[in-house]
Amino acid sequence: MTLGKVEEAKKVLVMYAKLAKKPINLDDVNLVVGENATKDEGKSTKDRIADILSNKAVLLETLVQWYYWFTSCMLFYFLNYGWSSFGDTPYVNYLFAGLGEAIAYLSLIPIITYFGRRKGMVF
């Protein structure tokens, strides 16, 4: 929609209306593409970085996301390549790796449901 793809947006609205089993009349829908739709086009990297630095809330959110990504990547890297030091045989190492990933996958849904902005969609 922000790139002026109004017809595609209307198709998506019709699709979701069918999923919700509610009729929709596209004549009543007014999709407005404002002046801000192409506002970012033509901006250089320096301008985009300046936009981030000019707003404290955006800067803080960006720094927190960078920290989370770095921490997650390093944790996965160290756990993935450190399993060999936990057991004596490759089979035990593989078992520890599988248990670690199973615990991570099973704990992810409750953590996202509790700390996330919306309910987890798995259950």
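**First stop: a loop residue**

Select Lys21, which is exposed, with a relative accessible area of 75%; here exposed means over 50% relative accessible area, buried means under 20%, and partly exposed lies in between, with a 1.4 Å probe and protein chains only. What you are viewing is a predicted model, in which local features need pLDDT of at least 70 and side-chain atom pairs count only at pLDDT 80 or more, while totals for chains, interfaces and linings use all residues. Residues are numbered from 1 along each chain as its sequence is written, and side-chain values use heavy atoms, with hydrogens and water left out.

Lys21 sits in the loop between α1 and α2, and its phi is positive, at about 55°, although it is not a glycine. Most residues other than glycine have a negative phi.

**The whole chain**

Now zoom out to the protein chain, whose secondary structure comes to four helices and zero strands; helices (H or I, at least four residues) and strands (E, at least two) are DSSP runs, numbered from the N terminus. Of the 123 residues in the chain, 7% are buried. If you display the accessible surface, it comes to about 11,500 Å², with 64% of it belonging to carbon and sulfur atoms; such areas come from the Shrake-Rupley method with a 1.4 Å probe, and for residues only the protein chains shown count as cover.

**Helix α1**

Next select Lys10, in helix α1 (residues 6-20), which is partly exposed, with a relative accessible area of 21%. Not counting residues up to four places away in sequence, Lys10 touches Leu26 and Leu31, where contact means heavy atoms within 4.5 Å.

**Where α2 meets α3**

Select helix α2 (residues 45-54) together with helix α3 (residues 56-82), which pack at an angle of about 105° with their axes 5 Å apart. That angle makes α2 roughly perpendicular to α3, a term used for 65 to 115 degrees. The axes are lines fitted to C-alpha atoms, for helices over the stretch in contact, and the angles run from 0 to 180 degrees between N-to-C directions.

Which residues meet here? Ile52, Leu53 and Ser54 in α2 meet Lys56, Val58, Leu59 and Thr62 in α3. Thr62 counts as buried, at 16% relative accessibility, and its C-alpha atom is 8.0 Å from that of Ile52, ten residues apart along the chain.

**Last stop: a nonpolar patch**

Finally, select Val92, Leu95, Phe96, Leu99 and Ile103, which make a nonpolar surface patch of about 430 Å². Val92 is found in helix α4 (residues 90-115) and is partly exposed, with a relative accessible area of 31%.

Technical notes:
Patches are made of residues with over 30% relative accessible area and no salt bridge: like charges are joined within 9 Å, nonpolar side chains (Val, Leu, Ile, Met, Phe, Trp, Tyr) within 5 Å. A salt bridge is a side-chain nitrogen of Lys or Arg within 4 Å of a carboxyl oxygen of Asp or Glu. Angles under 35 degrees count as roughly parallel, over 145 as roughly antiparallel, 65 to 115 as roughly perpendicular and the rest as oblique.
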